[in-house]
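Have a look at the structure, then read on.

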Amino acid sequence: MMDGSEVRAPNDLRAYWMPFTANRQFKAAPRMLVAARDMHFTAGDGRQILDGTAGMWCVNAGHGRPRISEAIARQAAELDYAPGFQMGHPKAFELANRIVDIAPEGLEHVFFANSGSEAVETALKIALAYHLARGEGSRTRLIGRERAYHGVNLGGTSVGGIGPNRRMFGTLLGGVDHLPHTHLPEQNAFSRGVPAHGLELAEALERIVALHDASTIAAVIVEPVAGSTGVLVPPKGYLKRLREICDRHGILLIFDEVITGFGRLGTAFAADYFGIRPDMITLAKGLTNGVIPMGAVLVSSQIHDAFMTGPEQFIELFHGYTNSGTPVGAAAGLATLETYAEEGLLTRGAELAAYWEEALHSLRGAPHVIDIRNLGLMGAIELEPIAGAPTRRAYSAFVKAFENGLLIRTTGDIIALSPPLIVEKQHIDELVGGIGDVLREIE
Ligand code: PXG
């Protein structure tokens with residue numbers, strides 16, 4: 001029987017070099033997960049753990065959804081693999097159509113990848129190739145933002161803005177510049193939803209244009225709400241302003257919605273929430289409920305059509321992956337989108353957002369709390385760092401929370417939260433109450 005017992009007590013942890021993990025610390029005191037259902041994981045010692053983070057911002061429909069796992073099993077049995085270059089299979093086309101159905105108007109084409117990181121690389125490459133195809137090949141600069149996370153490949157790392165993610169890896173891509181981040185704790189601490197101050201930070205894009213000239217700039221990429229760095233909600237009017245400046249200068253605007261896509265803000269995409277149409281949207285995570293690795297780029301017709309001009313026997317874009325649009329991923333994506341639609345999960349966040357906000361902000365005044373931020377079903381609780389030991393306090397909170405049966409994410413000294421969209425009010429109470437207890441227990 002495959003009951004998971006064979007992974008409950010791994011006898012040697014050395015071979016697996018774990019990602020974004022303090023490997024030696026972890027292996028000295030491992031935290032194992034062995035099963036999951038709906039809002040809960042089962043830990044290696046049998047305890048139930050409330051998932052406050054939808055895995056890593058991805059399990060939007062909750063864990064162990066039979067419709068998704070059965071679709072995957074059926075697909076693997078029927079057509080396990082199909083080449084994706086110069087060949088097709090029906091479900092990849094169908095999934096692209098279903099994504100376009102829920103996408104903001106004008107975003108009508110989908111390029112598949114296998115992760116958010118690959119979606120980002122794909123979008124950046126499409127931006128460069130698009131300008132070249134239109135005879136503006138001098139537009140090669142890419143603009144990211146401080147504190148941004150766009151995955152871990154070299155392009156995404158280059159436009160990314162989290163220092164530790166960059167500094168081990170040399171000079172990265174040339175021709176990249178960064179907008180300032182939008183975190184203004186003096187003015188905006190404890191804002192509920194969109195903060196009032198900071199619109200003027202978008203003007204930094206005009207300064208970058210003045211410095212490099214618009215004719216050298218291909219695209220700006222931003223997370224509509226920065227997730228990984230600890231939930232930085234954009235100031236009121238900020239994204240609209242970025243859109244206006246991009247339009248004025250012929251610069252493409254890419255929204256990286258790997259986290260905000262598929263209902264996190266109570267709308268299908270953050271582009272809908274903010275009422276802004278970017279030229280491309282990168283997706284992953286919630287696309288398959290996190291179950292099968294899959295990423296995608298939603299592309300405007302304007303961009304797509306610019307490639308469809310040469311002789312028909314020519315490959316229009318020299319880009320793609322062995323598993324772009326792979327059958328099992330497509331089946332998982334279709335089953336996931338059906339689940340979201342049937343259960344109203346893409347808009348459920350809108351119904352719960354006020355309750356979520358109220359619950360999170362009830363922690364104002366709890367020990368160590370210096371800021372609380374929220375939007376849709378995203379939230380962050382920022383802690384005062386221990387003097388001389390940044391990150392230690394939040395890490396203690398993470399370990400203590402896990403001991404107490406809660407999964408939270410921490411980044412720096414920030415607790416980041418993003419429950420599955422099936423979350424009920426009682427889970428929110430349990431999560432927030434539990435974090436309050438943790439904050440009182442740690443140093
Ligand atoms: N863009 C954004 C906005 C992301 O948040 C990626 C790209 C990369 O996706 P892949 O699938 O290549 O990992 C991400 C991923 C966290 C956390 O806890 C965040 C991510 C991944 C893992 C952990 O903050 N974001």
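## A loop residue to start with

Arginine 147 sits in the loop between strand 5 (141-145) and helix 7 (154-159). Helices here are DSSP runs of H or I with at least four residues, strands are E runs of at least two, and both are numbered from the N terminus. Arginine 147 isn't a glycine, yet it has a positive phi of about 70 degrees. It counts as buried, with 22 C-beta neighbours inside 10 Å. (Buried takes 20 or more other C-beta atoms within 10 Å of a residue's own, exposed 12 or fewer, and partly exposed is in between; C-beta atoms are placed from the backbone.)

Alanine 54 is another non-glycine with a positive phi, about 45 degrees in its case. You'll find alanine 54 in helix 3 (residues 54-57), and it is buried too, with 29 other C-beta atoms within 10 Å.

## What you're looking at

This is a predicted model, where local features need pLDDT of at least 70 and side-chain atom pairs count only at pLDDT 80 or more, while totals for chains, interfaces and linings use all residues. Residues are numbered from 1 along each chain as its sequence is written.

Overall, the protein has 17 helices and 15 strands. Its radius of gyration is 22 Å, close to the 22 Å the globule rule gives for 443 residues, so it is as compact as a globular protein of that length. (That radius is taken over C-alpha atoms, and the rule is 2.2 Å times the number of residues to the power 0.38.) Of the 443 residues, 47% count as buried.

Strand 3 (residues 48-51) and strand 13 run parallel, joined by 2 bridges. Leucine 50 stands opposite leucine 406 in strand 13.

## Around the ligand

The ligand is surrounded by 18 residues, the closest being Ser115, Gly116, Ser117, Gly151 and Val258. (A residue is near if its C-beta atom, placed from the backbone, lies within 6 Å.) Helix 6 (116-133), helix 3 and strand 14 (409-411) each supply at least two residues of this shell, and helix 6 gives the largest share, 3 residues.

Domain 1 (5-60 + 344-441) and domain 2 (69-343) both contribute to the shell, so the ligand shell lies between them. Those bounds come from an automatic or database domain assignment.

Note on methods. Two strands pair if DSSP finds at least two bridges between them.
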